[in-house]
Structures are given as structure tokens and as C-alpha cells.
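Subject: Structure handover and notes

Dear colleague,

I am passing on the structure below, together with some notes on what was found in it. Please keep it open while you read, so that you can look up each place as it comes.

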Amino acid sequence: MSLNLPALPEKTGFWRSIWDKAKNSFNYLFKPQVYSSQILADTQRINTERNIEAQQERDKAQQELQRMQIVSQALQAKANLDLQMEQGELNRQLQLELAKLNQNAQAEQGILNRELQLKLTQLSQEFQAQQGKLNREHAEKLEILRGQLQKWALDQQKELQLHLKQLDAELARELRIFDRQTSLEVIKEQKREKNSPLIFVTEDLINLNPDEMRLLVLFSPPKIRQDNPSQLSGGRGFPDAEHALADYLREFFQKYTNQGRTIEFLPGAWTSKAFHSESAAKAIFRGLKTEPTLILEDLIEGNNLFINIAFWGLNWSKYRYQKAISLSWLETLFDFVKVRTIDWAEKRQAYQDSGKNAEQFDQFFGNKVVEGLRRNLSVLEAEQECLKYDCDPSEIERPYWVNEKDYQALIQFIAICHCLFAGMFIDEFFLLHVPNRYRKSPFLPQLLPDLIKDIPEEQQAELIEMVVASYEAMYQALEASESAWIAELKLDLAESLSHFSNQFGARKQIDESIKAWLDLRQIDSQGLDPMEVLNQSVTVDDQAYINRLNQCLLNLGEKRQLNVSLACYNRGLNCYQSREYQKAIFEFSQLSESESPQAEVFYYRGLAYSQLQNYPEAAKDFTRSLQIKPDWAEVHFELGKAYQKLGKVQQALAEYQQTLRLKPEFSEAQSKLELVELYLAEQRHPAEQAEKTPDFSQEETEQKFPVSLPSFYFETVTVDSRGKEVKREKKPARYFTENLGNGVTLEMVAIPAGQFKMGSPDGQGNDNERPQHLVTVPAFFMGKYPITQAQWKAVASLPKIECDLDLNPSKFSGNNRPVEQVSWYAAVEFCMRLSKATGRDYRLPSEAQWEYACRAGTTTPFYFGGTITPDLANYDGNYIYAQGPKGVYRQETTPVGKFPPNAFGLYDMHGNVWEWCADTWHDNYKDAPTDGSVWIENGDDNRSPRRCGSWYFNPDICRSAFRSNRYRRDYDYNDGGFRVVCGAGRTL
């Protein structure tokens, strides 16, 4: 038989109608401003219930925090005071020294002479250098202290907030025990007067364990079977749903209990529907105010269903009661009928469209069912016609045929509503109203996708959006009392929301969590990627937070992950490269105690310790690095250097040998090995060594320059009287490197102590080089090369001390060429700036130091021998010395280090550029000092000697003994440069 179907509406339209009826109630109940105001009201009410004891305890805790803050401020003030005291002590010492020198000078001469001026200059340089060093050391220590204090204050703030919460919980626990007996008496009285909504006896309801945290859930179903139908206010035709709803809720609550949120659900506890609404909630609250309770109450009035909720936490003075939902259960039932009817009609039509007999399809269902469905179609057609004329379909007769499935759908719908409401309140209870140790993050977001899976997607999205807004309100209330935990709380919410299929709001909560984390630590991320700023700022103490953040990002499908270890390592590396060694040690130390530290961590921390001259700790770190990565040649090398500094020469020898076994081309390790072997050979044959070098004090050399200094190897050249090479010899020299920044370094070579004859004998040289006299020179350091243009620019860029410096004074440009066109005063200013920046005493050499360093143990006119050639130095090759050959005249400076060095490892000590000395000019050596010191007395203050010769002059002027007074101190011609010396007594 053919079926003439009316124009059917879409089935989803009725689904939308069903949930739209509930949506307004949901929206009101979980509206953020409404929900947060309720929570805040509860919070204010609970806070007013705290007694004097709790307030005193809180004040005590706050006073303790203030005391700790004062202590931290005092520590920082003390550190600043210590710095001021050290600077003040240096000032006092300087003033005393100045006064003493001034007094001596006035007693002897009445006026300050040039020696005093130089001494004052040296003292000023030493003071400025020491002051700069102290400033740097204290700045690093204060920076580390500030970081530690910031972490301490943050931890204290968190602990205090948790402690205050715990005090509240303990007070509530005590009040609960105190009020329990009162509650028992109230319930007994209600039972005697037969005015209790509940059928349970006292002991079944009161939780006798005050330390157990549970939520009691009571359920008043729409209808109670034992009630007299004549006493009911409505609900005829409403199905018996008590057991079905109870089963649905029991299964839902069991999921919470399984996750550590204890729910005690008591269906069937309601005595009668005669007890209802707020009066019933008030009566139960009187007896159960000590027990956190949630009441789900259904009321039927005619065709309307009301779901009411009562809720209170631990020892609340007032319960919360509100209407959760109000809708027509009959219209909702009819909507489910319509959905089922339309579904049947669509399937029947599809069956018929496939070419099959529709009557056969009807036989699947039977005549009774088909007749009922046909009748439903007729009623539905009448409703559609009614709507065309703007009439209310509920006012017409609608004899729908309703079967068991329709009632089941209605009951399931009501059960879902109960679960949504109950889940929100359970999550609120375990998030906001329990002690911290019982706190649980929201669980409903994990259950919600399965709970609402049969709802159309559009309605799902709206419902989830309302739930998310409600959770945000909960967390805002929590943040008000736990501000130090905002980052973690936001992450809690993000984790909960990430369980939704489209992660409603989870990304927003992650972003807010990161912002809160940065704000709490006062880290500015404006204009930057906050996550990148976070990644650069985290420490190992933040590992738990970062783990949770990474998991949230994975839940959202993001591949980006933050790495605490890598962040600490990179910061440590950056600090090491910028010479902030204390900070570098702090960063690497965070990683050294991890479960599986990397070898690189100990390697770079060891390097930082080495820079701070803490060689015992450096050796320990290099050893630990090798335990992890035993075949790392560079670490063996650094361990050898540390052993060398500690005087453990045999261990150093073994490490250098191992370095070369692993990396044979490691030239610096080869040099170190040869130096150590040479040292050990000297120790075995001290007499033989002394015989070979009679002019050098081995004992003083070892004292001034321990074997632990780095060394380099070079070749010296010796020529005969005609300038022909007759010998090459490989020699070692010790040195240290000064880092001037931007890749520019200054190499300072160790010049051993010794004696030499200064000047020229009768019949040789010039009169101003006589009388030749014996000079004893203490050990010192001298520049390996004359100061280059790159070195000049690096130091000239430093702050002015007495006079301005031209950054590019030279005529012949080139970073590796010697600087020229430099006056004596400019050279002295260079030394002062270098001293202040490095903390070492740099100055121009004395004449005695210069000639002693140039000769390097030789007595011939040149350190090459009796003559010189243009292949060995840069001078005017058109001229010869003795029987030497002519050669090229370059007419400009050459890069330093182009020609062979002397036996001390110094380059360009003959020719290239003139080099200033610190002395004043004297016409001869009569009464000259014999201790290698600067000669000031009775000299020409306007002139200072220059040594070395230059590219412009003939070879005679390049002799080791040659002295020039041709130019005044303010002269800056294009063949004049200088090199520096540094005192040997300083720690390097």
C-alpha cells in the first residue's frame, strides 16, 4: 500500500528544538558572571566564618614572609656595603700612599719630580684596575644573588598561599568534628517529628572519618513509587523513571570515584515528593551541614519538568539553591516521537525508492506499529498546517502514538541534563572547596564528548562553549586567593579542555598560563614570542611545569616542545662566551645533578672554573666529562692544563699523551707535551741546565712563570757575517692571551729574569750607548708583536682616562699591521685604558727591559748575529750593515710576525716601526739604574727614547743597542709605534 507522506521537516530541527529548550537554563546556570558571583559569594561567606585563631596564624605566616623579605633585602644591602667598604679601603690605602710619597718628596726636593708623577700614575692605574675588577666580581655575585632571591621569594609566596589554604582546611575539619554531634541531634529530632525528607538514620549519613573528603549526592526523582497518586501535583503520563535515572547517574558518579573523587550517591533516600523545593533543602542542610552535599531534585507540575539543585561545602553557613532547568516534558517527549516517526518515514521512502514494495517494509514492523506511525504522521501534518497560520500546536488535539523507545529517549535526555549539572558541581567542589591535598582538576571535560555524542554538532558546540566559560569563572575565583599559582591553574584548565574534540579554549589557556608565568617573574615579553621567552628563561626547578605544558601542546597536536636542559645549557654557553663565568657555572650546575647529564655540561663548567682559576673544581669536571665521553680529545687536553696548574706534572703529561693518541694533529697539545717533557728533563738534570744558560736564574724563572702557563714553539735563525743562514733552532716560550673582544687578542710572552750587558762596548755603536753596564732584570711579560691596528682600535674604543685617542691613526692600513703615527702620550693612554679594562698593570717597557728582551741572551748587534738582511727584518734594504747584503726597500710597514723571532719568541724587534720606552731621555748611561727599572731622574721630560728602528731607516739604526731621541713625546710620524709590557707578579 502506498503512503502519501506530508512535506516533512528535517529531523535535526527537532533535535535542535529539544536542546534549545534546555539551553537557556544551561546558559543562565553556567553564565560566567552569574557563576563567578555565586562562587565569590560563597567564598566571602566562608571567609567570614574563620575564627580569631586562624586569623592570628595567617598574620604570623605573613609576618614570617615579611621578615624573610627584610632578610633578603639586608643581604643585598650588605653585599653593596661590602663593595663600598672594599672600595673605601682601596681609597684610604691610596690616599695614605699618596700622602707618604708626597711627604717624602717634599722633604727631599720640596716639589714633586717626574718619578713621583710616574708613581702616582701607576698607583692610579692599579687602583682603577682593582676597582674595575671588584665591580665586575660583585656585579656577577649580586646578579646570581638576585636570581636566587627571586626564586626564593616566589617559592615562599606559593608555600604561604598553600599554608593559608591548609589552615582554612584544618579549621574546617575542627569545626566539622565539633558540629557533627549537633547535626546528629537535628536528624534524630526530624525523624521523631516525621518531617525529614530522608529515610536514612543518622549513622548512615554522617561521615565519621573527618579526614575523608567525599561529596554526598542525594536524588529526588520526578516520581516516587510509594507516593499516593492523589497527593501528586501533576505528572500523569510521565513514565516511572526513578530506577532508570538512578542507574544512569550511578554509572556516571562511579567514573568520578574511580578517578579519586569520592562520590557517595544515595538514590531512594527521599521519603516523599511531599517534601520538595527549598524547604526540603533547608531541612536537610540543618542536619547535614557538616557533610558536603549535592541535591538533585526533579519536580513535575502538569506537563512541566523542573530540575532544582542544592549544594553546600564543608561547614558552610548557608546552602546554595537554584533552579537548574525548566521545560515541558510532554513537548520534549513529542519531539522524540517526531524524530522517531520521521526516521521511520525516511527509511520507508528510501526502501520504496530502491524499487521494492513498501508494504513489505511495513511488514517488518507489524500492523500495530505501522498504524501508530501513520497516525503520528497525520498529527505531525496537522502541526505543520497549524504553524502556517501562526497557531500554537500545543493547543490542538495531538493524539501521538508513544512507545517505549520514546520514553527511554526522554529519560536519557533528563539523565544527561542531571549528569551535566552534577559534573559541574562535583568539579567545583573538588577544585575550590577542598584542602589542597584533595584538589582535583575538572573531570567533566573528559566525559563530556561521550555524554553528548548523540546531540547535533551545533548544539554540542554551544553547550561546550558554556561549560568552558563556567570553568574559566571557577579558575578566576581560585586565582583570587592563589595568585602565585595562576600559571599552574591555567594549565590545569588547558589540560581539561584539551580533551574536547576541537579543544575549546585550550590554546587560550596555555597562552594565558605562559603570560602569567612570565609576569610572576617580571620578565618582559612585549613584542616577542612569549613561548620563546619562556623557553629562554626556564630553570630545572620549572621542569614539572614544562612537562605539563609540553603535554598540553601534544594534546593540541602541536609539535613544538620546550626543553629545560637545552635552555639552561644555551644560557650557560652564552654566559661563558661573554665571560660571565660565575653565571655560566650557575647555569651548568643546574644540569650537573640531572639523571643523565651530558659530557658537554661538565666540560664547559670546567672551562668556566679554569677561567676563574679554580683548578681543583675544573679538574673534577673534566674528569666527570671523560667518564661520560672517554674519547674526547679536547677534554683530555683541558684536564692536562688543569693538572699542570695544580703542579701535577705527571698527570698532565699522561693527559697530553692521551690527547695526541686520540687526535695526532692537535698541535697545541704537542707543544704542551714538549714543554712538560722539557720541564721534567730540567728537573732530572738541573746542574746541566744551569751550565747551558748561565745568564738566567732558573729558580726565579720557575717562581715567576710556573710550568702551567701555555706555551708555543717557534724557530730562530742565526746568520754569519755575510748574512747567510747558518742555523735554525726550535724553541718554546710561555705566554698568556688577553681577550680584547670581537675576536681581537693580545699575546703576552713570558720574559725570564736574567742579567745582560746593556749598551755597546768602546769602539762600537754611538756615545749615547755607553758606558756599557751590567743590568739585572726581573721577569716580566712583553707583547709578542708591536701593537697592531686591530688591538689599537679595540682599546681606543674604551672610555677615556686622560686624553682622546684616534681610532684609526695609521697611514698604512691593515688590522695586522703595526699601529703607527702614535705619540708617547697616546701610547701611555692606551696602556692606562688596557689596565683598567683587564685588571692588569700594562705600561711601556723601560729601556733596559726593551734591550734585554730584544737581545734574548745574545751579545751581537742583532739577535740574528753580526749582521742583518732584508729577508730577516723590514728596513731600507738599499743600505747594508757590515758585510751583509742589500735587498728590497718596502717603503711601508709589514704585517707583524712576518719575520723570524728571537730566542724569547718576540717578533719585529728589528725594524718595521719605532717603539716608545717609558724612560725620560738621557744622553748616556752614566748613573743609569742597574735593576731594569724605568729611568726618570734628571732626564729630558719632553723626550723619551725610541728603539727598534723602522721600515724607513738603514740597518745600523735597527741594532739592539741603538737609542734615538730624535723626536719629542708628542711626535706621531708614520714609522712610530710601540709594544707593551706587564708585571710578572700578578696572578694570571
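**A pair of strands**

Phe756 stands opposite Val775 in E10. Before going further, please bear in mind that this is a predicted model. The two strands concerned are E9 and strand E10 (residues 773-777), which run antiparallel and are joined by five bridges. In a regular strand, the side chains point in turn to one face of the sheet and then to the other.

In which order do the strands of the six-stranded open sheet lie? The order is E6-E7-E8-E11-E16-E12, and the pairing is antiparallel. At the edges are strand E6 (711-719) and strand E12 (842-843), each of which pairs on one side only. E6 and E7 run antiparallel and are joined by nine bridges, and Ser711 has Arg734 in E7 as its bridge partner.

Another open sheet has three strands in the order E14-E13-E15, and its pairing is mixed. Here the edge strands, each pairing on one side only, are strand E14 (946-947) and strand E15 (976-977). Strand E13 (residues 914-916) pairs with E14 in the antiparallel sense over two bridges, and the bridge partner of Glu915 in E14 is Arg947.

Is Glu738 buried or exposed? Glu738 counts as buried because its relative accessibility is 4%, and the cut-off for buried is under 20%. Its side chain makes a polar contact with the side chain of Arg840 at 2.7 Å, and another polar contact with the side chain of Tyr842 at 2.6 Å. If neighbours within four places in sequence are left aside, the residues in contact with Glu738 are Val744, Thr745, Leu746, Thr838, Arg840 and Tyr842.

In soluble globular proteins, nonpolar side chains tend to be buried together. In this model the largest nonpolar core has 141 residues, and those that touch the most other members are Phe253, Leu294, Leu296, Trp312, Leu534, Tyr545 and Leu549. Helix H11 (residues 404-432) supplies the largest share of this core, with 19 residues. Apart from it lies another core, of 39 residues, which includes Val717, Met782, Leu872 and Tyr907. To return to Leu296, its contacts beyond four places in sequence include Val217, Phe219, Leu249, Phe253, Ile309, His418 and Ala422.

**Aromatic pairs**

How many aromatic pairs does a search of the whole structure find? The search finds 46 aromatic pairs. In one of them, the ring centres of Phe252 and Tyr256 are 5.5 Å apart and the planes are at 65°, so this pair is edge-to-face. Both residues lie in helix H6 (residues 242-258), four residues apart, which is about one turn of the helix, and both Phe252 and Tyr256 are buried.

Tyr256 also forms an edge-to-face pair with Phe443, with 5.1 Å from centre to centre and 85° between the planes. Because Tyr256 lies in helix H6 and Phe443 in the loop between H11 and helix H12 (444-451), this pair ties together parts that are 187 residues apart in sequence. Phe443 is buried, as is Tyr256. Elsewhere, ring pairs link Tyr569, Tyr576, Tyr581, Phe588, Tyr603, Tyr604, Phe622 and Trp632 into a cluster.

Ser525 is found in the loop between helix H15 (506-520) and helix H16 (530-537), and with a relative accessibility of 18% Ser525 counts as buried. Not counting residues up to four places away in sequence, Ser525 touches Leu518, Pro530 and Val533.

A disulfide is a covalent bond between the sulfur atoms of two cysteines. With a cut-off of 2.5 Å between the sulfur atoms, the count comes to zero disulfides.

With best wishes

Key
Residues numbered from 1 in each chain as written. Predicted model: local features only at pLDDT ≥ 70, side-chain atom pairs only at ≥ 80, totals over all residues. Heavy atoms only, no water. Buried < 20%, exposed > 50% of the residue type's maximum accessible area, 1.4 Å probe, protein only. Polar contact = N/O pair within 3.5 Å; in protein donor to acceptor, adjacent residues only side chain to side chain. Contact = heavy atoms within 4.5 Å. Pairing = 2+ DSSP bridges. Core = buried A, V, L, I, M, F, W, Y, C linked by side-chain atoms within 4.5 Å. Phe/Tyr/Trp six-rings, centres within 6.5 Å; stacked < 30°, edge-to-face > 60°.
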